Amino acid sequence: MYEAVQAYPAGDSTVARLASTAARLGYSGLVIRTRSASRAMEPTAIGDEYGIDVVTGVEIDADDPSAASGSVGNFRPDFTVLTLRGGSNALNRFAVESDRIDVLSKPMAGRGDVNHVLVKAAADHGVALEFDLGPVLRATGGRRVQALSDLRKLREIVDHYDAPYVVSATAASHLELRAPRELRAVGEAIGFDADAIDDGLRAWKRIAERNRHRLSESFVEPGVRRGRYGDDAGREGDGREGDGREGDTGSGVDR
Amino acid sequence: MKHLPKHLRPRWRYLGVGLETWPTTSIGRRDFQRALWYAAGNLLGDPGSADAKLSVLSFTFDDAVGEGEAVVQVRRAHVEPARAAVACVSAIDDDPVGIRVRGVSGTVRACEERYMGRAGGPSRQRDVALDGADRPAVIRGDAVDVSAESGHVGATRLDLE
């Protein structure tokens, strides 16, 4: 199971500290959402030290779709996982209609909202919607009630259209990380299926693997890869693996 | 009052809970108990909180390094809601805490033997270089907690090279 976090300087802990804590909590991978941290770190060195798969990523936090669009073009080739911070209807709409974005983060934050149109578009374009458990874990009072009711609304629509989703505690320090079992228990307490939380944590891994495959040198387009004809790895790799991944994330579109 | 016959006594489970904070935070048993009940009351409501019970039996905390552990008693059938409530303890007296359930046991003794006594070992203070400036830090094992202007930064030995 994978988790996605903000690292120093955007968060309070460095990638290495987050990786060591996440490994101790039982995660097998960690997606970094902070651009400068993703650029500066050495994922394999940190991963080998703590026994965890560290994935480079970026979370685009733009004011409007046109700014976001520029960032998507700039960052897509350099980072394995590309998420976009939602929070307004225009940004949410932009994200779910972009094949090049992997995850729409915090879709209900701020004045953001989702409806059946956006969720259907997300399913069509293979953009995963994020269930942000952060406010459930860390907010109190009215803000938390609001976050819970937003989560419920999102859950009902996502369930109905079978749209792809991810789950995260949106931690910004090692103290804010919670173990997968704890997240599952919290999910159950607020009305999720226990399996839904696990699936949402595993979805990060599927996204990372699919994108690594797509960013690899040998990848040409889905079902086509460069290599020796009749090569065992090649034969096994494409068709089957590709189908599985595309089914998992609900996307059949190349990004 | 005369104690209950065995078949009417409640069945318990014991959670081994690990706590972590920034260094020089001090947390007492009462603070932790209060935070736990508050989290349970907010997440599970009064009935759920009463069902889970969640009482802190033993509590140790090392203020200097910001690390501690506790044994928490819960009713047997309510371990998962209790786990959820524990996960929702995000701050104690406004100090952020990292918290995890290390494991669940059927007796206090088993819980202490299996999940307690994992303190991070000795800690020491020294100045470390972060982002080109020397800053005071508390080092324990691999973990390095640096005090920066904006607050604390969690790092490890890997970051110091």
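The contact between the two chains takes 26 residues from chain B and 25 residues from chain A, where two residues are in contact if their C-beta atoms, placed from the backbone, lie within 7 Å. On the chain B side, the elements that give two or more residues are α1, α2, β6 (98–105) and β10 (151–156). Helices (H or I, at least four residues) and strands (E, at least two) are DSSP runs, numbered from the N terminus. The largest share of that side, 6 residues, comes from β10(B). By class, the side of chain B that touches chain A has 13 nonpolar, 7 polar and 6 charged residues. Here Ala, Val, Leu, Ile, Met, Phe, Trp, Tyr, Cys and Pro count as nonpolar, Asp, Glu, Lys and Arg as charged, and the others, Gly among them, as polar.

This is a predicted model, in which local features need pLDDT of at least 70 and side-chain atom pairs count only at pLDDT 80 or more, while totals for chains, interfaces and linings use all residues. Residues are numbered from 1 along each chain as its sequence is written, and chains are lettered from A and ligands numbered from 1 in the order in which they are written. The pLDDT is the predictor's confidence in each residue, from 0 to 100. For chain A its mean is 88, and 90% of the residues reach 70 or more. Over residues 234–255 of chain A, however, the pLDDT is below 50. Where pLDDT is low, the predicted coordinates should not be read in detail.

I turn now to the sheet in chain B. Four strands form an open sheet in the order β2-β3-β1-β6, with antiparallel pairing; two strands pair if DSSP finds at least two bridges between them. Strands β2 (55–62) and β6 of chain B stand at the edges, each with a single partner strand, so one side of each is left without a neighbour in the sheet. Strand β1 (residues 12–20) of chain B is joined to β6(B) by 7 bridges. B:L15 stands opposite B:V104 in β6(B).

Next, the helices of chain B. The axes of α1 (residues 29–52) and α2 (residues 79–87) come within 8 Å and cross at roughly 165°; axes are lines fitted to C-alpha atoms, for helices over the stretch in contact, and angles run from 0 to 180 degrees between N-to-C directions. That makes α1(B) roughly antiparallel to α2(B), a term for angles over 145 degrees. Among the residues making this contact are B:L36 and B:L43 of α1(B) and B:P81 and B:V86 of α2(B).

Notes:
Parallel < 35°, antiparallel > 145°, perpendicular 65-115°, else oblique.
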